[in-house]
Amino acid sequence: DCHSVSIWTAQSRYAVIISAVIVDYEMLFSSVDPKTMAMLLHDVCCILDSCVEDSCQHNLKQLPNSEAVEEVECECPFKMNMIGDSYVAASLHDDISGFDPTIFLCKMLSLASQMVSRTKEVSILQQSETAANSTSMLKMGLTCGRFVAGVVGFEQPRFHLYGKMIQSTSLLNSNSEAGCIRLSKEAAEILGHSSDDVLIDLH
């Protein structure tokens with residue numbers, strides 16, 4: 001029964017999302033053979049996975065006691081998806097009274113910085129003139145807000161977030177620059193920027 005799918009609205013939940021894409025992906029794709037491109041995507045994905053895992057472990061180490069483990073695990077960043085060269089990670093939080101998303105935005109910015117730093121030395125990139133002329137192989141976007149989440153469909157079911165902010169991530173990283181992260185208007189306001197068009201250098 002298709003209506004038995006697990007979909008739920010999460011009005012009291014809040015997400016911070018970062019999205020990373022490879023700089024000049026299409027040009028890079030056309031300049032190397034398919035096997036090399038597959039190896040590149042694999043290497044990059046493994047590095048980004050490792051960054052997410054390290055960030056989560058760092059959060060867990062900050063616990064004052066074991067009673068808070070479940071709460072912090074919910075806030076740990078996780079890999080949400082990878083489509084083509086687009087890698088998406090998110091962290092979820094309870095939007096309760098007195099909730100301040102600033103600290104979580106800063107943690108995700110720190111994760112984005114690690115991603116940019118640790119993907120610089122991907123060996124296959126040395127074969128690409130495009131990548132060699134770039135200061136970084138990634139450009140990124142960050143957004144935040146409330147969301148709807150669920151596991152949809154029967155074929156390859158996957159937990160996913162849905163909403164306006166999810167759609168905006170692709171626009172943010174498309175308009176970003178190598179080694180930088182572009183903030184959504186909401187994220188920029190929370191972090192105290194007067195402009196709603198903020199590009200942060202992650203080098």
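**A walk through the structure**

With a relative accessibility of 38%, Cys46 counts as partly exposed; that label covers values between buried, under 20% relative accessible area, and exposed, over 50%, with a 1.4 Å probe and protein chains only. Before we go on, note that this is a predicted model, in which local features need pLDDT of at least 70 and side-chain atom pairs count only at pLDDT 80 or more, while totals for chains, interfaces and linings use all residues. Residues are numbered from 1 along each chain as its sequence is written, and side-chain values use heavy atoms, leaving out hydrogens and water.

Back to the cysteines. A disulfide here is a pair of cysteine sulfur atoms within 2.5 Å, and by this rule the count is zero. Cys45 is in no disulfide, since its nearest cysteine sulfur, that of Cys46, is 6.0 Å away. Cys46 is likewise in no disulfide, with the sulfur of Cys45 at 6.0 Å. Cys45 is buried, at 12% relative accessibility.

Now let us look inside. In soluble globular proteins, nonpolar side chains tend to be buried together. A nonpolar core is a set of buried Ala, Val, Leu, Ile, Met, Phe, Trp, Tyr and Cys residues joined through side-chain atoms within 4.5 Å. The largest one here has 39 residues, and among those with the most contacts inside it are Val16, Ile18, Met115 and Leu138. Elements that give two or more residues to this core include strand 1 (6-22), helix 2 (34-61), helix 4 (102-118) and strand 4 (138-151); helices (H or I, at least four residues) and strands (E, at least two) are DSSP runs, numbered from the N terminus. Apart from this core lies another, of eleven residues, including Ala15, Ala90, Leu92 and Met165.

Which helices cross? Helix 2 and helix 4 do: their axes come within 9 Å and cross at roughly 145°. Axes are lines fitted to C-alpha atoms, for helices over the stretch in contact, with angles from 0 to 180 degrees between N-to-C directions. Among the residues that meet are Leu48 and Val52 in helix 2, and Leu111 and Met115 in helix 4; contact means heavy atoms within 4.5 Å. The residues of this contact divide into six nonpolar, four polar and three charged. Ala, Val, Leu, Ile, Met, Phe, Trp, Tyr, Cys and Pro count as nonpolar, Asp, Glu, Lys and Arg as charged, and the others, Gly among them, as polar.

One last stop is Asp24, in the loop between strand 1 and helix 1. Asp24 has a positive phi of about 50° although it is not a glycine, and it is partly exposed, with a relative accessible area of 40%.
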